[in-house]
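The entries follow in the order I made them.

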Amino acid sequence: MDCTAGEALIRALQAEGVDVVFGYPGGAILPVYDALLASPIRHVLTRHEQGAVHAAEGYAKATGRVGVAIATSGPGATNLVTGLLDALLDSVPLVAITGQVPRALLGRDSFQEADVLGITLPVTKHNYVVKDPAELLSVVREAFHLARSGRPGPVLIDIPKDVGYAKVTYEYPPPLAAHLTQPPPPVDSVAINRAADLLQAAQRPVILCGGGVVASPGAPRQLQAVAEQLQAPVAVTLHGLGGISGRHPFFVGMVGMHGLYAANHAVQHADVLLAVGMRFDDRVTGKLSKFAPHAQVVHIDIDPAELGKNVAPTVGITGDSARVLGHLLAELQARQPVTSANQAWLQQVRAWHLKHPVWVERRREFRTPVIEPHVLEQVAAASLDAGEFTAPPPLRAEDVMRAIQVSFGSEALVVTDVGQHQMWAAHFCLRTEPRTFITSGGLGTMGFALPAGLGASLARPDRDVVVIAGDGGFQMNIQELATVVAEQVPLRIMVVNNGYLGMVRQWQELFHDGRYSAVDLTPGMPDLMLLARAYGIRGIRVDRPDLLPWAMQEAREHQGPILVEFQVIQEENVYPMVSPGAANDDMLVGDGPGNLK
Amino acid sequence: MARVLTVTVRAGSEAVLDRLLGLLRRRCIPLRGISFGIARDGGPAPVHLALDTTDPHTVGQALAHLRRLPDVLSVNEAAEAGRERELALVQVNVARDDQVRLLGETDPLNTRLLSVSDDRMVLEVVCPPPDIDALVDRLGTFGPVAVCRSGVVPTPAQGRDQLRE
């Protein structure tokens, strides 16, 4: 049947199972937007293209399905770039569709022309410019296949405006190119045997769970079975949160720069490390030459290029996590079970955990608590009435995280921005299932959380979605509050306001002798309660710990979006912390009980 | 010393050279030279990449990352015989009396005589860059020399034969 290429594109999206797209229209993408009008696909009009691409990421991360973002040519397309790279580094299945100037105007510096193919080459898994309308449907088919197959990633389709209006015959799906349909190679049975030998003989095994476990259906269950078979502790990367239940007795928490004491020590003392679906990012390894110095490494990853990229494995196995873990589990189960050999090791790991648990009361006195004068006055008056004079205890970000966890449980989807609150959330928001901790890991994109939470909430309306952002990151895509309101998305937006770019300030405090340079966000900081009111969102401000239960109840019970601002201690640091260039067991642990430094 | 990779790419791929070169630059894999063939009848086109490294880890990473590209059909490392070569055109201002002696001295390098006059000869040679340096030095004893060099061209064995032909 003949139709315009724009109409064919929308029908192809439907055929690919797309139910929501996030976008922002413009001149060059008009043929696509015109076709959207008659489509059952829900279009979410974000207030900036970066919001669209992060929303598509949030949708994809919450479900595993392909997220779709649409933008016009020139600035519309270039505004996608950060989100595309974010998706590439975090292996997010995403298809971006951009308009382009008509073919006859290409290469002439036309209005809103940009070399989108060239600009997005290094930030996509693949990209296309459709110069022949007859090729459009093949390109769409291939783009979705590439986005979701193997190691997922973002794919961009750039469509000149006149191509969008051209007549095409709609026949979908067209066949894929032969070289793209090759089945994955069989799992290397020799390598599986070698891995099983190493793990069976290990005295101090550790499993390191990455985002590849979360992304692979069935892999979390297989990973837990392997851990139980080996009696091995399981540490996770930031993206591995939820790959094993945080309540499992073998779970030891996150590793790396802000990893937990027990997790980092376990990895550093391991004799065999089973790393699954992770890429030995520098935030995970610390100083590479001192990472897991005693360990033989078994590395499983779907991407063969990851094997040996950063850490040379003793045994490298290419394949989907669930598939390879299934083979490994079968091989281990066929052998003598590990019974008591690893108990001493597990006890050692537990001892490390008890030495520096996640939650440490009152680590330090804080220098500049943020308490509004009227609160001080009220408390002072009450205290005087009671015959004493004490200020209320300041609110700590860790109090906030703990309150979020207690109030929303592990079933909620937690979507974080980037910075200190992200690390606190990783420590305190206990995840028990995959795809419930959504964050920007590889690129560390401030401004991610609000639009990503929007996408996640539309993808999973059955779950509470809690957006956690700092006062810096929140302002980077603050315009998406309008989208949240327009779409009536019941986000619980938690802004942890310490008046600083907290993580940068922490580095300046610890490694630049406290020379704070350009990190103070208080000048010009808008009143978030007035801002919430301006957008028509309920707003709550909390600046004392005793108000947390009330605020959380309000957040839980409110119908519709709600913004909760927590005015927390300004100069609180995230611990543990591995100094840049140090080994992972050389940690700063703050100045609480049992401190090392 | 270079390692030569032969990459077969899907014909008609948009910006495929940008993809290959961008990948190598992004991964900090040093590239010394590149040559590429012509796709016949819309078929796959070969691209030869001379990597400026012999480090097995770097070469392994190059192979692995190149194989991930959707436009790449295959990647192979060329055999030892097919390592880097350079094409040079050499003009020597040499008197007629010395021309036969000059040809005798350049014969072991498989030079090819392109033109000759009473006071001048033009030779073509394909060989490793150090051999060209040595040839130019030697020809300098006959008279003033002008050289035009292609730069390193990665050529698999058969490609080199074709060049000679």
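I started with A:Ala518, which sits in the loop between H22 and H23 of chain A. The model is a predicted one, and I kept that in mind for what follows. Phi of A:Ala518 is near 60 degrees, a positive value in a residue that is not glycine. Most residues other than glycine have a negative phi.

I then looked at A:Asp513, which lies in the loop between H22 and H23 of chain A. A:Asp513 is not a glycine either, and its phi is positive, about 55 degrees. With 7 other C-beta atoms within 10 Å, A:Asp513 is exposed.

A:Asp527 was next, in the loop between helix H22 (502-511) and helix H23 (528-535) of chain A. Is A:Asp527 buried or exposed? I found 12 C-beta neighbours inside 10 Å, so A:Asp527 counts as exposed. I also noted A:Glu565, 38 residues from A:Asp527 along the chain; the two C-alpha atoms are 9.8 Å apart.

The bond from A:Tyr172 to A:Pro173 is cis, with omega near 0 degrees. A:Pro173 is in the loop between strand E8 (167-169) and helix H9 (189-201) of chain A. A:Pro576 belongs to the loop between E20 and strand E21 (577-578) of chain A.

I went on to helix H24 (residues 548-557) of chain A. Which residues of H24 are buried? I listed A:Leu548, A:Ala551, A:Met552 and A:Ala555. Seen down the axis of H24(A), the buried residues fall within an arc of 95 degrees, so they line one face of the helix. An α-helix has 3.6 residues a turn, so residues three or four places apart point the same way. On the face of H24(A) turned away from the buried side I found the exposed residues A:Pro549, A:Trp550, A:Gln553 and A:Glu557. The buried residues of H24(A) pack against helix H17 (397-408), strand E18 (492-497), strand E19 (538-542) and strand E20 (562-567) of chain A.

For the domains, I noted that the assignment of chain A gives domain 1 (2-173), domain 2 (189-355) and domain 3 (373-574). The centres of domain 1 and domain 3 of chain A are separated by 33 Å, taken over C-alpha atoms. Between them, 25 residues of domain 1 of chain A are in contact with 26 residues of domain 3 of chain A. On the domain 1 side, H3(A) has the largest share, 11 residues. I sorted that side into 10 nonpolar, 10 polar and five charged residues.

I also looked at where the chains meet. The contact takes 14 residues from chain A and 14 residues from chain B. E6(A) gives the most to the chain A side, with three residues. The chain A side divides into nine nonpolar, four polar and one charged.

Last, I took the overall figures for chain A. I counted 24 helices and 22 strands. Buried residues make up 55% of the 597 residues. The radius of gyration is 25 Å, which agrees with the value near 25 Å for a compact globule of 597 residues.

Conventions
Residues numbered from 1 in each chain as written. Chains lettered and ligands numbered in written order. Predicted model: local features only at pLDDT ≥ 70, side-chain atom pairs only at ≥ 80, totals over all residues. Helix = DSSP H or I, 4+ residues; strand = E, 2+ residues; numbered from the N terminus. Buried ≥ 20, exposed ≤ 12 C-beta atoms within 10 Å, placed from the backbone. Domains from an automatic or database assignment. Contact = placed C-beta atoms within 7 Å. Nonpolar A, V, L, I, M, F, W, Y, C, P; charged D, E, K, R; others polar. Rg over C-alpha atoms; globule rule 2.2 N^0.38 Å. Arc of directions from axis to C-beta.
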